[in-house]
Amino acid sequence: MTHREVVQALSGLMLGLFVTILASTIVSNALPRIIADLGGSQSVYTWIVTTELLAMTATVPLWGKMADLSSKKLLIQVSLGMFVVGSLIAGLTPNVAVLIVSRVVQGVGAGGMGSLALIVMAAMIPPREMGRYSGMFGALFGAATIAGPLIGGLLVDTSWLGWRWCFLIGVPFSLAAIALLQRTLRLPATPRRPVSIDWPGALLITAGVCDLLIWSTLAGHRFAWASWQTAAFVAAGLLLLTVALYVESRAEEPIIRLGLFRNRTVSLTIVASVLVGLAMFGGTVFLSQYFQISLGKSPTVAGLMSLPLVFGLLVSSTVAGQLISRYGRWKPYLVAGAVVMTGGMLLLSTIDAHTGVPTLAVFMAVLGVGVGMLIQNLVLAAQNDVPAQELGATTSSLTFFRSMGGAIGVSALGALLADRVTSLLAERLGTTATGGGTAKVPDLATLPPQVLTVVRDVYGEATADLFLVGSPIALLAVVAVLFIREKPLHTLSGDERRAQEEAAVVSPHGPPGGEPDPVRSCG
């Protein structure tokens with residue numbers, strides 16, 4: 001395919017991705033207002049974020065497996081349709097409970113879109129050329145991330161619209177993406193064969209992950225970390241995941257193929273993805289709350305303050321992608337990205353309620369540069385090192401573990417934030433902590449000046465603690481990427497490699513035409 005044909009084919013895909021990314025960022029600056037209006041607590045704030053990540057995490061392997069067995073185009077349209085349903089429910093929600101349910105539906109759709117977009121890219125584009133298109137998707141991510149908080153802030157600050165439109169605004173764009181995909185996306189027909197989806201494995205994996213996430217959210221305030229409740233949650237989660245491993249090892253079409261973990265590159269990129277998700281999501285998801293509560297900024301200004309992080313990510317992902325396509329080297333960018341990300345986390349661990357905006361901008365830009373060099377290139381390294389038939393399973397596994405890391409990070413660090421805020425407020429205001437982060441998220445306009453000062457200081461200190469805890473996690477990502485072995489990038493697309501691999505099976509002397517098999521020549 002020519003560059004023009006690829007861009008046309010990816011147009012609907014990019015619009016769908018833009019909508020799902022926008023939905024996750026547009027709500028960031030609205031959450032404090034949503035929670036205040038619906039009467040939620042700090043723990044509810046965490047769960048509104050976590051439930052979407054959890055649904056996305058639990059369903060990504062299933063989307064990836066179905067992509068290897070059926071029409072990728074149809075699956076993308078189905079995922080966008082589910083996203084539309086979730087957005088409508090969220091926009092019309094009467095209370096926090098319904099909002100959390102709607103976030104689950106949104107997460108299922110977003111999980112399919114995020115996973116399938118990478119799979120379709122790998123099917124059409126050779127890894128050696130992936131950099132230029134990764135740059136396009138980096139720009140798309142940056143544009144959606146920039147536009148999201150700004151649009152969300154404006155909607156919240158506009159009295160005749162309000163925060164409900166943060167969810168409803170994505171519905172027409174999602175429907176347009178479905179129509180555009182139908183018209184522009186052309187993929188080879190997937191050969192029909194008997195399909196056996198591993199539903200028991202999917203259920204066990206989902207149950208095990210949910211159990212551990214619920215434990216990481218509740219431990220430390222609902223009950224002690226060292227308690228019988230902790231023992232029960234952890235034992236149940238590990239038992240479910242152990243049974244899931246047994247089921248997966250015997251399933252005809254496993255959700256997560258255990259043989260992937262014998263590949264050193266895949267295993268290390270999965271470890272790095274988990275750590276990146278823990279560090280990045282666990283810390284940055286609460287920055288908007290810090291801007292509005294600790295610094296006293298409006299939702300619109302909070303959106304503007306997130307620009308340095310987004311610009312850092314946008315520039316680093318675009319530049320790294322272009323350099324990888326030109327020179328064929330990718331490991332230096334992984335190592336540099338992990339080191340810079342760790343530095344950004346350490347810098348943000350020094351913030352408080354009096355940190356200046358220019359200083360914050362520099363710290364966030366550093367974090368964005370590191371993350372931008374890591375996320376897409378981890379996927380590229382893994383896709384380059386597996387047979388074409390396993391691209392879907394490999395990509396979805398990486399997305400699954402990164403999302404799981406993010407969900408665990410948001411749950412655990414959100415629990416830490418809730419506990420720190422509650423205990424610090426009790427200590428400084430001389431009141432009794434209610435525990436569990438059950439104190440209401442404050443409405444700053446109703447607080448006396450003396451209390452307002454204390455609240456801002458408490459949220460600043462608690463947010464810095466999150467980044468301090470996330471810094472050693474980010475450092476472990478440096479260790480993981482150092483041990484990844486760099487291999488030459490393929491020059492054939494996923495579909496071309498699949499055809500060549502199938503031809504090689506038929507003819508033991510190699511693919512037709514006598515050309516070398518790039519899969520074998522790359523090790």
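A crossing of two helices is termed left-handed if the near helix is turned anticlockwise from the far one by less than a right angle. In the predicted model described here, the crossing of helices α15 and α16 is left-handed in this sense. Helix α15 spans residues 331-348 and helix α16 residues 357-383; their axes come within 7 Å and cross at roughly 150°. In the contact of α15 with α16, 20 residues are nonpolar and 5 are polar, while no charged residue takes part.

Asp211 counts as buried because its relative accessibility is 13%, and the cut-off for a buried residue is under 20%. With residues up to four places away in sequence left out, Asp211 touches Phe233, Val234, Ala236 and Gly237. For one of these, Gly237, a side-chain to backbone approach is found: the side chain of Asp211 reaches the backbone nitrogen of Gly237 at 3.1 Å. The C-alpha atoms of Asp211 and Ala232 are separated by 10.0 Å in space, and the two residues lie 21 positions apart in sequence.

Aromatic pairing was also examined. A pair of aromatic rings is described by the distance of the centres and the angle of the planes. The structure contains 1 aromatic pair. The pair is formed by Tyr290 and Phe291, with 5.8 Å between the ring centres and 55° between the planes, and its geometry is tilted. Both Tyr290 and Phe291 are buried.

Technical notes
Residues are numbered from 1 along each chain as its sequence is written. This is a predicted model: local features need pLDDT of at least 70, side-chain atom pairs count only at pLDDT 80 or more; totals for chains, interfaces and linings use all residues. Side-chain values use heavy atoms; hydrogens and water are left out. Rings of Phe, Tyr and Trp (its six-membered ring) pair if their centres lie within 6.5 Å; planes under 30 degrees apart count as stacked, over 60 as edge-to-face and the rest as tilted. Buried means under 20% relative accessible area, exposed over 50%, partly exposed in between (1.4 Å probe, protein chains only). Axes are lines fitted to C-alpha atoms, for helices over the stretch in contact, and angles run from 0 to 180 degrees between N-to-C directions. Helices (H or I, at least four residues) and strands (E, at least two) are DSSP runs, numbered from the N terminus. Ala, Val, Leu, Ile, Met, Phe, Trp, Tyr, Cys and Pro count as nonpolar, Asp, Glu, Lys and Arg as charged, and the others, Gly among them, as polar. Contact means heavy atoms within 4.5 Å. A polar contact is a pair of N or O atoms within 3.5 Å; within protein, one must be able to donate a hydrogen and the other to accept it, and residues adjacent in sequence count only if both atoms are side-chain atoms.
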